[in-house]
Amino acid sequence: MNTLSYKTVSANKNTVNKEWVLVDAQDVVLGRLASVVAKMLRGKNKPNYTPHVDCGDNVIIINADKVKVTGDKLNSRVLFSYSGYPGGRHDRTVGELIEKNSARLVERTVKGMLPKNRLSDKIIRNLYVFAGAEHDKEAQQPKKLDINAIM
């Protein structure tokens, strides 16, 4: 029996194979999109997943302005940000955020599904969100991924 085959191999930043993935968010539910993208950013879809290493892929999301929100969340779900000053709380609905900057809404949703630690700051840098169908990452030759086929 070969005992070397039973050793657990942990990934490190030299052995990680990072790929570029292109995701089209048109007519995809926001929460489902964010959960799939968070798993890909974290690297949980790979066999060499290691919790303390950034082993996920680089993800490009296009058509963030055409993302779908179910129910009455466009008008009833209120998100807030706080500036740090007294009276500095700003309340906005999801509909207002989609009109103002839909890419930031998608980034915020994905970031909320990542772990709250120092590694998440490094992981979120691998996410690139664009409101329209055009992006500036053609040189990386990303692979297209159909989110509806995964879910």
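This is a predicted model: local features need pLDDT of at least 70, side-chain atom pairs count only at pLDDT 80 or more; totals for chains, interfaces and linings use all residues.

Reader: Okay, what's the strand order in the open sheet?

Author: The order is β5-β2-β1-β6, four strands with parallel pairing. β5 and β6 (143-145) are the edge strands, each pairing on one side only. On average, neighbouring strands are turned by 25° against each other, ignoring direction.

Reader: How many bridges join β1 to β2?

Author: There are 5 bridges, and the two strands run parallel. Take Leu22: its bridge partner in β2 is Ile60.

Reader: And which strands does α1 touch?

Author: α1 packs on the sheet and touches β1, β2, β5 and β6. Its direction makes about 155° with that of β2.

Reader: Switching to α3. Where does it lie?

Author: α3 lies across β2 and β5, and runs at about 150° to β5.

Reader: What does helix α3 span between its end C-alpha atoms?

Author: Only 15 Å, for residues 94-112. A straight helix of 19 residues would span 27 Å at 1.5 Å a residue.

Reader: Which residues of α3 are buried?

Author: Val94, Gly95, Leu97, Ile98, Ser102, Ala103, Leu105, Val106, Thr109 and Val110. What those buried residues pack against includes α1 (30-42), β2 (58-62) and β3 (78-82). α2 (73-76), β4 (89-93) and β5 (127-129) are also among their packing partners.

Reader: Now β4. Is Thr93 buried or exposed?

Author: Thr93, which lies in strand β4, has a relative accessible area of 17%, so it's buried; the cut-off for that is under 20%.

Reader: What is Thr93 in contact with, leaving aside its neighbours within four places in sequence?

Author: Leu74, Asn75, Arg77 and Val78.

Reader: Back to the sheet. Which strand has Val21, and why does Val21 count as buried?

Author: Val21 lies in β1, residues 20-24. Val21 counts as buried because its relative accessibility is 8%.

Reader: What does Val21 touch, not counting residues up to four places away in sequence?

Author: Met40, Asp57, Asn58, Val59, Ile60, Pro142, Lys143 and Leu145.

Definitions and conventions:
Residues are numbered from 1 along each chain as its sequence is written. Side-chain values use heavy atoms; hydrogens and water are left out. The expected span of a helix is 1.5 Å times one less than its number of residues. Buried means under 20% relative accessible area, exposed over 50%, partly exposed in between (1.4 Å probe, protein chains only). Contact means heavy atoms within 4.5 Å. Two strands pair if DSSP finds at least two bridges between them. Axes are lines fitted to C-alpha atoms, for helices over the stretch in contact, and angles run from 0 to 180 degrees between N-to-C directions.
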